[in-house]
Amino acid sequence: MPVMKRSSGMLFFFMLVGGLLGGVLSEILLLLSPTGFLKDLFIKGFQIGIPTATLDLHLISLTFGFGFKINLLSILGIALGLYTYKQV
């Protein structure tokens, strides 16, 4: 099996895909799981980022900002992406 060259771009890709899969899984579990401690532990997280700011020029309106919603499943997905990157 050919060995893939490791780069920082591939590392970022694996971490991004792992985090996205963890986020999607948490949204699915949010719909399916009953309320309780495990739901709060795995699904609820915190948001970090820059709050949105809007610049209204009457001709065009621009909105700037970004945010990350991080929970335990997203962190586990990122860890799985790092593990997969090291195996490739």
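Here are a few questions and answers on this predicted model.

User: In what order do the elements of the chain run from the N terminus on?
Analyst: Start with the tally: the secondary structure comes to three helices and two strands. Reading from the N terminus, the order of these elements is α-α-β-β-α.

User: What radius of gyration does the chain have, and what would a compact globule of 88 residues have?
Analyst: For the overall extent, the C-alpha atoms fill a box of roughly 60 × 40 × 15 Å along the principal axes. A compact globule of 88 residues would come out near 12 Å, while the chain itself has 18 Å.

User: What share of the 88 residues counts as buried?
Analyst: The cut-off here is a relative accessible area under 20%. The chain's accessible surface comes to about 7200 Å², and carbon and sulfur atoms hold 74% of that. Of the 88 residues, the buried share is 16%.

User: Which residue forms a salt bridge with E27?
Analyst: A search of the whole structure turns up one salt bridge. E27 sits in helix α1 (residues 8–32), and its partner is 42 residues away in strand β2 (residues 61–70). The closest N and O atoms are 3.5 Å apart, and the partner is K69.

User: Is E27 buried, partly exposed or exposed?
Analyst: Buried needs under 20% relative accessible area and exposed needs over 50%, with partly exposed in between. E27 has 41% relative accessibility, so E27 counts as partly exposed.

Note on methods. Residues are numbered from 1 along each chain as its sequence is written. This is a predicted model: local features need pLDDT of at least 70, side-chain atom pairs count only at pLDDT 80 or more; totals for chains, interfaces and linings use all residues. Side-chain values use heavy atoms; hydrogens and water are left out. Helices (H or I, at least four residues) and strands (E, at least two) are DSSP runs, numbered from the N terminus. The radius of gyration is taken over C-alpha atoms; the globule rule is 2.2 Å times the number of residues to the power 0.38. Buried means under 20% relative accessible area, exposed over 50%, partly exposed in between (1.4 Å probe, protein chains only). Accessible areas come from the Shrake-Rupley method with a 1.4 Å probe; for residues, only the protein chains shown count as cover. A salt bridge is a side-chain nitrogen of Lys or Arg within 4 Å of a carboxyl oxygen of Asp or Glu.
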